[in-house]
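Work through the exercises below with the sequence and the structure open beside you. Try each task before you read its solution.

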Amino acid sequence: MFPSGRRLDRSTALFITLLAVGFLIATFDVRSSGDSVTTVIRGGAQTLAAPIQEAIDLVVRPAVGFVDGISNVAGLSDQNERLEGEVRRLEQRLLETSALERRVAELEAINDLAPPEDLATVTARIYSAGASTFDQIRLINRGSDNGIVVGQAVVDEDGLIGRIDLVTKSSARVRLITDPLVSVGVRVQDTNHTGVVTGRGDDLLRLDMFDATEPVREGAVVLTDGSLFPPGIVVGFADETKSADVGFALRVTVDPAAAFSQLDFVKVVVGWSPLDADVEDRDPLVKAPSFTEPRLGGA
Amino acid sequence: MTSGKVIIALGLVVAAVLIQTTVFQHIRPLGYAPALGMLTVIALSRFLDPEQALFVAFTGGFFQDLLSASPLGLWASTFTVVAFIALKVRDREIAGTPAVLLGVFGLTVIGQLTYAVLGTLFGQGIINRPEFIGHVFVPALYNVVLAYPIFWLTKVTVRPPERTWAA
């Protein structure tokens, strides 16, 4: 009963109750971590939905590829122009990079930061995206049965894609590096200065550097530094030339190396352990990476 | 009859969410996808009894929560809010296709904003994203485009009584 004496109708009462339940569930989910009941429920739902999603994906993929191609025709001209400019710029840069490569190789040898060419990987196909336009996730058709565990890096031929944050026996969820909750320790190849790349929720990344004594040049390659992801994976390219205005702190926009809208197959780096890395993560859903922890959906 | 209608309605929302996660991972004009699950909830709120519509919205939203990256309960709450508002406006003296399409657009915007606010409150940092406005309004436009087939589908599957707020 309202103070005015008007009785709450049944649908309004149900609405308030459901809203309260929703808030309680969300609070519980945020507060819990690791193998909590909500993580298990989510993994179970993912396991149940995966075969249906894979079937739908297989059926509609050719058709949507055709439709997608048509819808992208308008943007192809601009893209072509942009790529031509990119090729010219890269040709110029190629001349400059040989000296830099030698320098980087020496630094990598000193710091024991070998590129991850020899790391074991598991190839997986992406069959689903997030359920809303806000989500920066992809689901892949390989899981704990294939040696995948939470925390592993996911790459494609272009560079870093993201990080495994939920695993079932036959599928896994990848949180893309464009997600604002994902941060990647990086270094700029030109200068070897380190920083942190964070997702912005759109197609670009944000690079924060705290000891930038040299400017970051447009097109500079940004690589993982080996703190949480294997070292030497290309994350992206600096979008602008910028130097620190005050002190040595610098913020630069980075163009991701990977084309997230065209992801199809990816590789999960299973042959590198982040056990020694700082596993603190801002996302409560993301468990500390470990090769020994119990796996969701496992026996 | 009642439980059968609710089960069918739930099936529609689940199917919409599954299509959202598969088909619309490829088709994303301008980088955005429609909010198909929300559109189905809006359409079902036109045809179901109030309690049924709220239950279907909450359960369907919870299913979307399970397949998304945000904390559980956020989409459930969002869909419930959208269904509740849709229930409140459906019996008003508004009729005709433009009114329905405007309603779909407005309800989707309200839903996206509600989720953004809830998501931000629960640590997802949605509101300060650079393309936040696009994430709110572009899916609403796509929902308008998809409204007619979804309204037709819900109409033929849950067999509604006559309403003034019809497509």
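**Exercise 1: The contact between the chains**

Solution. The model is a predicted one. On the side of chain A, 17% of the area buried against chain B comes from A:Ala131, A:Thr133 and A:Phe134, more than from any other three residues.

**Exercise 2: Salt bridges across the interface**

Task: Find how many salt bridges cross the interface of chain A and chain B, and decide whether A:Arg10 is buried or exposed.

Solution. Step one: the rule finds 2 salt bridges across this interface. Step two: in one salt bridge, the side chain of B:Lys88 meets that of A:Asp9 at 3.9 Å, N to O. Step three: B:Glu51 and A:Arg10 also meet in a salt bridge, at 3.9 Å, N to O. This pair runs from helix H3 (residues 50-66) of chain B to helix H1 of chain A. Step four: the relative accessible area of A:Arg10 is 66%, so A:Arg10 is exposed. B:Glu51 has 26% relative accessibility and therefore counts as partly exposed.

**Exercise 3: A salt bridge within chain A**

Task: Which residue forms a salt bridge with A:Glu54, and how many residues apart are the two?

Solution. The partner is A:Arg125, with the closest N and O atoms 3.5 Å apart. For accessibility, the cut-off for buried is under 20%. A:Arg125 has 12% and so counts as buried, whereas A:Glu54 has 21% and is partly exposed.

**Exercise 4: A helix of chain B**

Task: For helix H2 of chain B, compare the span with the expected one, and find how many of the residues are buried.

Solution. Step one: helix H2 of chain B covers residues 36-47, which is 12 residues. Step two: from first C-alpha to last, this helix reaches 17 Å, close to the 16 Å expected at 1.5 Å a residue. Step three: 12 of the 12 residues are buried, so the helix is largely enclosed by the rest of the structure. Among the buried residues are B:Leu36, B:Arg46 and B:Phe47.

How values were computed:
Residues numbered from 1 in each chain as written. Chains lettered and ligands numbered in written order. Predicted model: local features only at pLDDT ≥ 70, side-chain atom pairs only at ≥ 80, totals over all residues. Heavy atoms only, no water. Helix = DSSP H or I, 4+ residues; strand = E, 2+ residues; numbered from the N terminus. Expected span 1.5 Å × (residues − 1). Buried < 20%, exposed > 50% of the residue type's maximum accessible area, 1.4 Å probe, protein only. Buried area = accessible area lost by both parts, 1.4 Å probe. Salt bridge = Lys/Arg side-chain N within 4 Å of Asp/Glu carboxyl O.
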